[in-house]
Number of protein chains: 2
Amino acid sequence: MPSSKTTLKDLAAHLGLAHSTVSRALSNHDAISQDTKDRVRHAARQYGYVANSGARLLRTGHSQTVGLLVPDIVNEFYATIAKNLADDCSQRGHQLMLLVSDDDPQRELKLLQALLETRPAGVVVALTAVPRKETLSHLAGVRCIQFLRVHAKVQGLTVGADDAAAARMAIEHLLSLGHRAIGYVGVSEALSTGAARLRGYKETLEEAGVAPDPALIALIEPSVQGGARAAAQLMDRSPRPTALFLSSPQLALGGAQWLNAAKLRVPGDVSVISYGNSSWFDLWGSGLTAVSLPIQELAATASALLFRESGEELSGQTSVLLAPSLVKRGSTARMRA
Amino acid sequence: MPSSKTTLKDLAAHLGLAHSTVSRALSNHDAISQDTKDRVRHAARQYGYVANSGARLLRTGHSQTVGLLVPDIVNEFYATIAKNLADDCSQRGHQLMLLVSDDDPQRELKLLQALLETRPAGVVVALTAVPRKETLSHLAGVRCIQFLRVHAKVQGLTVGADDAAAARMAIEHLLSLGHRAIGYVGVSEALSTGAARLRGYKETLEEAGVAPDPALIALIEPSVQGGARAAAQLMDRSPRPTALFLSSPQLALGGAQWLNAAKLRVPGDVSVISYGNSSWFDLWGSGLTAVSLPIQELAATASALLFRESGEELSGQTSVLLAPSLVKRGSTARMRA
DNA sequence: TTGAAAGCGCTAACAG
DNA sequence: CTGTTAGCGCTTTCAA
């Protein structure tokens with residue numbers, strides 16, 4: 001009669017063993033005879049024994065739980081890190097707790113508190129722009145990897161993309177095609193990613209002798225709707241920008257939808273370049289030129305760092321910054337005279 | 001000195017209270033004075049007290065953990081149910097454990113076993129095509145909602161789309177445009193979804209007096225690469241099919257990429273219709289016609305059912321089947337004479 | 001190679 | 001309204 005109510009003691013009683021012996025057999029302890037292990041495992045299977053992780057946690061003081069805190073799991077970036085973490089967890093016998101903050105600092109705090117109750121082995125986080133103070137202090141007590149978004153106040157390792165370099169790459173590409181009136185659609189500077197991209201945009205323009213025009217900069221929440229609204233705002237001006245840098249895949253999606261709806265021709269009426277990767281980038285028109293992130297590699301790196309042996313110490317505050325690359329497709333072209 | 005090593009007893013000692021009183025204060029028990037609650041909460045905050053969920057689980061016998069078992073979290077369907085579940089969990093003070101099977105039955109079993117160790121409140125699953133027997137028996141002991149994919153052997157509620165009706169809708173659309181040689185790209189019949197869609201395809205053709213041609217049916221693993229390969233296989237035949245039904249968004253992505261690469265014109269050379277929803281469907285060419293799922297509604301329903309009060313009993317084996325709808329875009333056209 | 005025993009931190013029944 | 005007490009199931013010494 002299989003039942004998850006069976007305990008170690010039940011098994012032990014059935015087998016005429018001490019429950020400590022059963023425990024050792026199940027955890028494959030050296031000092032247990034193969035015969036005993038076999039008998040125990042058979043009985044466990046027969047009874048449908050399922051260990052109680054609570055008892056283990058209580059005894060050992062820590063769990064095999066790993067947390068992943070992200071603003072949005074539908075976003076391909078975060079889904080990819082989730083996939084990688086899940087893979088590594090299942091290989092190593094860890095569990096993955098998913099915390100979705102929806103970019104709400106209060107919710108983020110609540111989720112993190114609940115995670116800490118499990119005494120997790122570690123956590124990978126992409127924090128909200130302005131986290132609660134308690135969130136930060138909670139994070140100080142855990143092994144923590146920051147993914148993409150980086151807060152200076154959080155210690156631990158950091159895995160991200162070189163966002164400033166990415167923006168620079170995008171703008172240099174547009175400049176090389178003769179564009180000067182380049183619109184920027186981005187997210188709040190409160191986000192490390194938003195700040196870095198905007199900085200890259202401005203600096204690159206300035207170095208080329210083009211003064212950044214505040215009217216060509218639209219900062220907005222990182223949603224599809226936001227992208228559409230920002231594109232509308234920029235393209236409805238006159239004179240129009242001749243090129244657009246959409247600084248995230250979400251924003252790019254909204255922008256692309258709006259451009260389609262507005263019947264603007266790309267790159268005829270406006271060149272468009274995006275940041276990031278999405279499956280649809282090579283499907284839209286003649287392809288959407290983009291500065292691509294090594295997203296898979298970023299995710300794999302974050303996961304590997306989380307699970308690294310404490311032997312291979314990296315200095316207290318280390319950051320891995322991966323370089324983006326330009327993928328030219330059909331949406332950018334030389335500016336018409 | 002905040003530290004998550006502080007226990008209830010520490011707090012109690014500091015406050016000169018019994019630890020049971022502290023416990024009650026923290027869980028907002030009725031029979032505790034407001035003053036005591038305030039003092040306790042203040043002290044807890046001050047000491048950075050974090051409860052030990054293991055001790056609670058050990059004592060109560062159940063956790064607030066909810067599991068989500070899916071084959072692939074990058075897939076938008078599953079990411080959406082994850083988002084919905086995460087939302088509801090955080091509202092109700094539950095935790096979300098993410099189990100990604102990668103469509104591997106053995107891994108699926110391992111993940112489920114680990115989940116059961118937490119004595120979860122429930123689980124939402126999209127099982128592999130042929131799960132291990134133990135997986136099924138484990139599921140019998142938990143509150144379980146099947147999402148999209150349905151196994152007859154698993155009891156509990158079921159939330160899915162009417163896949164047969166969806167395929168029928170797609171094929172009827174193509175038939176009405178004059179197509180007869182309609183290729184089908186789908187997944188294994190071992191999956192309930194794969195079987196239902198193929199059945200809808202065949203039956204609809206037969207009812208229209210068209211004998212399904214086995215050479216026009218490509219069953220393949222549900223990946224982007226699979227979609228590309230299947231499209232190639234079907235379109236390289238001669239005579240070519242004049243229309244293609246791509247029976248999942250993943251397959252559609254692969255198919256679209258292959259058609260682009262092969263420089264086939266859509267709908268000029270071939271009409272294409274897909275199943276499901278993806279952000280890029282209206283961005284590809286003049287738009288990809290699709291039979292759309294109420295994906296958000298499905299996810300919300302599954303989550304709501306999981307959290308339903310046991311009061312609102314639904315009969316033992318109930319299934320919610322939501323209807324798809326046809327979204328006409330530019331990729332389907334009347335067959336050329 | 002196995003057994004005996006202690007105790008992790010919490011909740012809840014019972015007592016006051 | 002608060003205190004006392006027992007015990008959840010497990011791991012891990014220490015003994016044998």
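**View 1. Helices at DNA strand C.** Helix 2 (19-26) and helix 4 (53-60) of chain A, plus helix 2 (19-26) and helix 4 (53-60) of chain B, each put at least two residues into the surface near DNA strand C. Here "near" takes a heavy atom within 4 Å, and helices are DSSP runs of H or I with at least four residues, numbered from the N terminus. This is a predicted model, with local features needing pLDDT of at least 70 and side-chain atom pairs pLDDT 80 or more, while totals for chains, interfaces and linings use all residues. Residues count from 1 along each chain as its sequence is written, chains are lettered from A and ligands numbered from 1 in the order written, and side-chain values use heavy atoms, leaving out hydrogens and water.

**View 2. Who touches DNA strand C.** Of the DNA atoms within 4 Å of the protein, 58% are sugar or phosphate and the rest belong to bases.

View 3. A base nitrogen sits 3.2 Å from a side-chain N or O atom of A:Ser20. For the side chain of A:Arg59, the distance from an N or O atom to a base nitrogen is 3.4 Å. B:Asn52 uses a polar backbone atom, 3.5 Å from a phosphate oxygen.

**View 4. The open sheet of chain A.** Its 6 strands run in the order 7-6-8-9-10-12, with mixed pairing; strands are DSSP E runs of at least two residues, and a pair needs at least two bridges. Strand 7 (217-219) and strand 12 (325-327) are at the edges with a single partner strand each, so one side of each has no neighbour in the sheet.

How values were computed. A polar contact is a pair of N or O atoms within 3.5 Å; within protein, one must be able to donate a hydrogen and the other to accept it, and residues adjacent in sequence count only if both atoms are side-chain atoms.
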